[in-house]
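Subject: Structure for you to look at

Hello,

Here is the structure I said I would pass on. Please open it first and then read the notes below it.

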Amino acid sequence: MNETVSPPRHDAQSYKSATKPVWCPGCGHYGVLAAITKALAALEAPPEEVAVISGIGCSSRIPAYLNTYGFHGLHGRALPLATGLKLARPELTVLVAGGDGDGFSIGGNHFISACRRNVDMTYVVMDNQVYGMTKGQASPTTDPEWEHGKLTPGGTGINPFQPLVIALASGANFVGRGSSSDPNGTARLLVDAIRHPGFSFVHVLSPCLTFRPEQREWKKRVHPAPEEATSDLATAAVRLFNDDGFYVGILYRGDREPYAPERHRTDWDSTTLEQAFEI
Ligand SMILES: Cc1ncc(C[n+]2csc(CCOP(=O)(O)OP(=O)(O)O)c2C)c(N)n1
Ligand code: SF4
């Protein structure tokens, strides 16, 4: 009898694991999970060739909900972990996912270094301008006037971190923004980001309705960026300085060569190195 072998399934559902998300009802991160699975399906990425690396936070739980390889690492340390993985296993599609607290607070310097290094991977930040997991403290992207109980009475009073501007200035090769309220649009953006060589930064507006219920309005405020993606840094910089925080789409698509470790290899042996550092 001839056995029929079914072709591998590559629909969005097939990238979801059996673990049910524990996010609050209405959390934006559901939309990002949907966008990631739709993007992987569109790319027909074999799940065993994808690794999703995260730090800690509600958003960083995402690898558990995917049927790919994954690593739920340490708070703020997803990018160095992913960098090591991509350099050791360049054939893998490496996605890094997390929140604004994880990525811009404790992980802020890693973010800058990852943009500078330009290793070929995609970083998705689910920004809700708050630390959701630890019950609603202000994050680097929080509006200075946002008051939250005893921790920030009267607001933080400090200037919010500008992730897209910093990504552009630090050398990220692709800068875009999506909204969790539009999983299909965010999936298209992720497909472009993953295909684009080098470090791609995808900022996703992903409301935390539990600690920032007013973010429910975000879906009405997002609007497409006024112009096509540019590869000109100065044009992108002007665009980002005019951004009201709700532009969605590809804002910059650069042509920097991704980091290639073989080009920076040395044939010095350890004795030569020791001699070079001798005082
Ligand atoms: C080294 C360390 N410091 C602090 C924490 C506590 N902590 C856990 S998650 C988190 C912030 C999460 O916020 P964000 O990354 O924005 O994700 P969200 O929960 O909003 O999705 C913090 C401060 C920790 N787990 N480890
Ligand atoms: S606390 Fe906020 S970020 Fe965390 S699951 Fe709930 S809605 Fe989402």
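Contact, as used in these notes, means heavy atoms within 4.5 Å. This is a predicted model, in which local features need pLDDT of at least 70 and side-chain atom pairs count only at pLDDT 80 or more, while totals for chains, interfaces and linings use all residues. Residues are numbered from 1 along each chain as its sequence is written, chains are lettered from A and ligands numbered from 1 in the order in which they are written, and side-chain values use heavy atoms, with hydrogens and water left out.

The sheet

Helices (H or I, at least four residues) and strands (E, at least two) are DSSP runs, numbered from the N terminus. Two strands pair if DSSP finds at least two bridges between them. On that basis there is an open sheet of 8 strands in the order E2-E1-E3-E4-E6-E5-E8-E7, and its pairing is mixed. Its edge strands are E2 (69-72) and E7 (223-224), each of which pairs on one side only.

Strand E1 (residues 50-54) runs parallel to E3, and 5 bridges join them. Ser54 stands opposite Ala97 of E3. E3 is also paired with E4, again in the parallel sense, over 5 bridges; here Leu95 has Thr122 in E4 as its bridge partner. E4 in turn pairs with strand E6 (residues 199-205) in the parallel sense, over 7 bridges, and Asp127 has Leu205 in E6 as its bridge partner.

For burial, the cut-offs are under 20% relative accessible area for buried, over 50% for exposed, and in between for partly exposed (1.4 Å probe, protein chains only). Strand E3 (residues 93-99) is mostly covered, with 6 of its 7 residues buried.

The two ligands

A residue is near a molecule or strand if one of its heavy atoms lies within 4 Å of it. By this rule 17 residues surround ligand 1, and the closest are Cys58, Ser59, Gly101, Asp102 and Gly132. Helix H3 (residues 100-106) gives the most to this shell, with 4 residues. For the classes, Ala, Val, Leu, Ile, Met, Phe, Trp, Tyr, Cys and Pro count as nonpolar, Asp, Glu, Lys and Arg as charged, and the others, Gly among them, as polar. The shell around ligand 1 then has 6 nonpolar, 9 polar and 2 charged residues.

A polar contact is a pair of N or O atoms within 3.5 Å; within protein, one must be able to donate a hydrogen and the other to accept it, and residues adjacent in sequence count only if both atoms are side-chain atoms. An N or O atom in the side chain of Ser59 is 2.7 Å from an oxygen atom of ligand 1. A polar backbone atom of Gly101 is 2.8 Å from an oxygen atom of ligand 1, and a backbone N or O atom of Asp102 also lies 2.8 Å from an oxygen atom of ligand 1. Taken alone, ligand 1 exposes 590 Å², and the protein buries 73% of that. Accessible areas come from the Shrake-Rupley method with a 1.4 Å probe; for residues, only the protein chains shown count as cover.

Around ligand 2 are Trp23, Cys24, Cys27, His29, Cys58, Asn128, Gly132, Cys208, Leu209, Thr210 and Phe211. By class, that shell has 7 nonpolar, 4 polar and no charged residues.

Some loop residues

Gln129 sits in the loop between strand E4 (121-127) and helix H5 (163-170). Its phi is near 55°, a positive value in a residue other than glycine. Gln129 is buried, at a relative accessible area of 18%. Not counting residues up to four places away in sequence, Gln129 touches Asp100, Ser139, Thr141, Thr142, Arg212, Gln215 and Trp218.

Thr152 is in the loop between E4 and H5 and is buried, with a relative accessible area of 13%. Leaving aside neighbours within four places in sequence, Thr152 is in contact with Ala138, Trp146 and Glu147.

Glu44, in the loop between helix H1 (29-43) and E1, has a positive phi of about 50° although it is not a glycine. Glu44 is exposed, with a relative accessible area of 55%.

Pro197 lies in the loop between helix H6 (183-195) and E6, and counts as partly exposed at 39% relative accessibility. Residues up to four places away in sequence aside, Pro197 touches Asp120, Asn173 and Pro258. The C-alpha atoms of Pro197 and Val119 are separated by 8.3 Å, with the two residues 78 apart along the chain.

Regards
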